[in-house]
Amino acid sequence: MPVTICFYEDETFRNFFPLTMLRPVYTLRAGIVPLFRRTERYFKATNVSLLAREQVAPLVAETYRDFPVNIIKRGTGEVLFVNGRIRGYGDLPELVKQARMSTVFESHDGVAAVLFRLELLKSIPEITTQQEFVELHRRETDNFLRQRTTASLYGYCWDVVADIESEIMADFSHLKNSLAGPRKVFVQDGSHLVRPEEIYLGDGVQILPGAVVDASDGPVFLGEYVRVEPHAAIFGPCYVGPNTTILAGKISGSSIGHTCRVGGEVEGSVFQAYVNKYHAGFIGHSYVGQWVNFGAMTTNSDLKNNYSPIRVTLNGSVVDCGSIKVGSFIGDHTKFGIGTLLTTGITIGACCNIFGGSLVTDREVPPFSWGESGAYERYEFSKAIDTALKVAARRNVTLSAREIAVLQAVFDSALTDDGVIRF
């Protein structure tokens, strides 16, 4: 029987700062689609609901209009709550299929999912909110089986970055059979496609003379109206979202969102959307939020000189990543002046303006920081928003009042956990 699936956030959403300051963790992306869309590989769902913190829920509703937000339309079937930071599904799909009673599925990282069987839902309306289910779980705790699953959960942003290549390949494999059909593309003489059977070109894609798209090591997916300019090289596995322009340089093993402009070198990184990296410079093993601008020659380090595991400072605490390749984690609306150099494993909050052409040695830069490394001032909220509005207008986008309200909460350090679910 098809199941209604509800993606929720738990109390660890702060582990994914600064990216989850303005969005739930399940809307982050490792491959081609947001994390919550990967469930389509494993479940045939009649309905999918997105459950978000109260502060960011309006933004989620604006972005994902095809999905109800904080409303559950369960119909007449079972309901499966899936932790939004699910990483690998493991045996979870089969366990759900075999379940004969309501069950809490536990992984070694925490609760991965909770299944509400039909017989337990008699008191729940067919259209309701997540709170009804949370209260039902509390009342009926003794009627839930607790079962171990091999499903795994993401712990931090760098875990998402580590999965870019494998997730692009998995998404490509899942999507390619549904992508057949006529498309008008413009692959000009003098461009080179290597292993074209592993390259998907969306409608309106332009590949100009001197450009190379190489799928030798994995698939390449170019969304609608992507433009690949001369002297640009894209090496798979790689995803480039709609309306993005790739300029001279090299992109490899990365997931680039929609409406970006990307040049220079990018390796093993995620750009959420509306990112401007027009000029030379290197960004590697990083997760970059929306509306970020990299001044010319902005470069980050993703490897220490002694090749030791990298430690990241997050929310004031030091976390050992257990990896020698970790770059930067950059919040929405942050801007970098020319020649900015970012130290290994740095986290930078939303709406920062960093300049000075020197090495940023800070381990963690608070949101709304203005100035040079070690000498920041508080970025006035009105000035930061004025800049954000101007940048959005340059892309024919109007920054919504809802997004401004969330940025105000970030500025006030007033982000709350209202709406997270604890099973």
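**Salt bridges, strands and cores**

Mentor: A search of the whole structure finds 18 salt bridges, a salt bridge being a side-chain nitrogen of Lys or Arg within 4 Å of a carboxyl oxygen of Asp or Glu. Please keep in mind that this is a predicted model, in which local features need pLDDT of at least 70 and side-chain atom pairs count only at pLDDT 80 or more, while totals for chains, interfaces and linings use all residues. Residues are numbered from 1 along each chain as its sequence is written, and side-chain values use heavy atoms, with hydrogens and water left out.

Trainee: OK, which side chain meets Arg41 in a salt bridge?

Mentor: That is Glu167, at 2.7 Å from N to O. Arg41 lies in the loop between E1 and E2 and Glu167 in helix H5 (residues 164-175), so the pair ties together parts that are 126 residues apart in sequence; helices (H or I, at least four residues) and strands (E, at least two) are DSSP runs, numbered from the N terminus.

Trainee: And is Glu167 buried or exposed?

Mentor: Glu167 is buried, with a relative accessible area of 9%, whereas Arg41 is partly exposed at 22%. Buried means under 20% relative accessible area, exposed over 50%, and partly exposed in between (1.4 Å probe, protein chains only).

Trainee: What about Arg117, which residues does it bridge to?

Mentor: The side chain of Arg117 meets that of Glu78 at 2.4 Å, N to O, and these two sit in the loop between E7 and E8 and the loop between E3 and E4, respectively, 39 residues apart. Arg117 also forms a salt bridge with Glu119, where the closest N and O atoms are 3.7 Å apart. Glu119 is partly exposed, with a relative accessible area of 45%. Elsewhere, salt bridges that share partners join Arg38, Arg41, Glu167 and Asp171 into one network.

Trainee: Switching to strands, how does E6 pair with E7 and E9?

Mentor: E6 and strand E7 (residues 110-116) pair in the antiparallel sense over 5 bridges, and a hairpin of 2 residues joins them; on the parallel side, E6 and strand E9 (residues 145-148) pair over 4 bridges. Two strands pair if DSSP finds at least two bridges between them. In these pairings Phe105 stands opposite Ala113 in E7, and Glu106 stands opposite Arg148 in E9.

Trainee: Why is E6 largely enclosed?

Mentor: Strand E6 (residues 103-107) has 4 of its 5 residues buried, so the rest of the structure largely encloses it.

Trainee: Which residues touch the most other members of the largest nonpolar core?

Mentor: Of its 48 residues, those are Phe7, Leu50, Leu80, Leu92 and Phe368. A nonpolar core here is a set of buried Ala, Val, Leu, Ile, Met, Phe, Trp, Tyr and Cys residues joined through side-chain atoms within 4.5 Å. Helix H7 gives the most to this core, with 5 residues, and a second, separate core of 36 residues includes Ala215, Cys238, Ile246 and Val360.

Trainee: Last one, how many disulfides are there?

Mentor: The count comes to 0 disulfides, where a disulfide is a pair of cysteine sulfur atoms within 2.5 Å. The sulfur of Cys321, for instance, is 10 Å from the closest cysteine sulfur, in Cys157, which is too far for a bond. Cys321 is buried, with a relative accessible area of 13%.
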